[in-house]
Amino acid sequence: MDHSEGGRSDYVEGVGRTTIATHEAALGRHARARFAAIPNITVFGDAEKPGPILTFASAGAHANDIAAILDAKGICVRAGAHCTQPLHQMLGFSSTCRASFAMYSTLDEVDALADAVEEALAILK
């Protein structure tokens with residue numbers, strides 16, 4: 001398998017950048033819809049242009065605690081200030097969780113993330 005830059009580019013071009021962008025936007029819209037229904041969750045970012053990154057926080061639970069529970073369920077998110085401490089301070093959160101989706105992610109995986117966040121919040125009450 002060719003792992004050179006040209007090989008990856010050929011693969012992406014074969015799938016199609018528009019196809020990838022459309023799929024990632026659909027994942028972002030679905031994630032935002034699912035997370036909008038979770039009490040005590042704030043989702044950050046441009047709701048009009050959902051992309052493959054979902055950043056969220058809970059006023060009732062620390063992002064690191066949420067991430068640890070998700071990790072135990074086999075779901076990986078990043079947690080912390082993501083090098084944006086002043087922004088976090090302005091928004092009133094010390095840290096956030098960030099999930100990244102890609103062309104290989106599925107709607108079922110988005111649902112599993114949302115379900116696991118709901119479970120984590122119930123544990124952390």
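Reply: One place to begin is the surface, where Leu-87, Met-90 and Leu-91 form a nonpolar patch with about 300 Å² of accessible area together. The model is a predicted one.

Me: Where does Met-90 lie, and what makes Met-90 exposed?

Reply: Met-90 belongs to helix H4, residues 85-91. Its relative accessible area is 64%, and exposed means over 50%; Met-90 is therefore exposed.

Me: How many aromatic pairs does the structure hold, and why is the pair of Phe-35 and Phe-56 called tilted?

Reply: The structure holds 1 aromatic pair. The ring centres of Phe-35 and Phe-56 are 4.9 Å apart, and the limit for a pair is within 6.5 Å. The planes stand at 50°; under 30 degrees would count as stacked and over 60 as edge-to-face, so this pair is tilted. The pair links distant parts of the chain, with Phe-35 in helix H2 (residues 17-36) and Phe-56 in strand S2 (residues 53-58), 21 residues apart.

Me: How do you know whether Phe-35 and Phe-56 are buried or exposed?

Reply: Phe-35 has 1% relative accessibility and Phe-56 has 0%. Buried means under 20%, so Phe-35 counts as buried, and so does Phe-56.

Me: Which residues have the most contacts inside the largest nonpolar core, and what supplies the largest share of this core?

Reply: The largest nonpolar core has 25 residues, and those with the most contacts inside it are Phe-35, Phe-56, Ile-66, Leu-70, Phe-101, Leu-113 and Val-117. At least two residues of this core come from each of H2, S2, helix H3 (63-72), strand S4 (96-100) and H5. H5 supplies the largest share, 7 residues. In soluble globular proteins, nonpolar side chains tend to be buried together.

Me: How many disulfides does a search of the whole structure find, and why is the sulfur of Cys-97 too far from that of Cys-76 for a bond?

Reply: The search finds 0 disulfides. Cys-76 is in none, its nearest cysteine sulfur being that of Cys-97, 11 Å away. A disulfide needs sulfur atoms within 2.5 Å, so at 11 Å the sulfur of Cys-97 is too far from that of Cys-76 for a bond.

Me: What values decide whether Cys-76 and Cys-97 are buried or exposed?

Reply: Cys-76 has 69% relative accessibility and the cut-off for exposed is over 50%, so Cys-76 counts as exposed. Cys-97 has 1% and buried means under 20%, so Cys-97 counts as buried.

Me: How many salt bridges does the search find, and what makes Arg-34 and Asp-111 a salt bridge?

Reply: The whole structure contains 5 salt bridges. In the pair of Arg-34 and Asp-111, the closest N and O atoms are 2.9 Å apart; the limit is within 4 Å, so the pair is a salt bridge. Arg-34 lies in helix H2 and Asp-111 in helix H5 (residues 107-124), so the pair ties together parts that are 77 residues apart in sequence.

Me: Why is Arg-34 called partly exposed?

Reply: Its relative accessible area is 21%. Buried means under 20% and exposed over 50%, so Arg-34 falls in between and is partly exposed. By the same cut-offs Asp-115, at 36%, counts as partly exposed, as does Glu-118 at 34%.

Me: What is stated about the phi of Asn-40, and what makes Asn-40 exposed?

Reply: Asn-40 has a positive phi of about 65° although it is not a glycine. Asn-40 is in the loop between H2 and strand S1 (41-44). With a relative accessible area of 62% against a cut-off of over 50%, Asn-40 is therefore exposed.

Terms used: Residues numbered from 1 in each chain as written. Predicted model: local features only at pLDDT ≥ 70, side-chain atom pairs only at ≥ 80, totals over all residues. Heavy atoms only, no water. Patch = residues over 30% accessible without salt bridge, like charges linked within 9 Å, V, L, I, M, F, W, Y side chains within 5 Å. Areas by Shrake-Rupley, 256 points an atom, 1.4 Å probe, with all protein chains shown as cover. Salt bridge = Lys/Arg side-chain N within 4 Å of Asp/Glu carboxyl O. Helix = DSSP H or I, 4+ residues; strand = E, 2+ residues; numbered from the N terminus. Buried < 20%, exposed > 50% of the residue type's maximum accessible area, 1.4 Å probe, protein only. Phe/Tyr/Trp six-rings, centres within 6.5 Å; stacked < 30°, edge-to-face > 60°. Core = buried A, V, L, I, M, F, W, Y, C linked by side-chain atoms within 4.5 Å.
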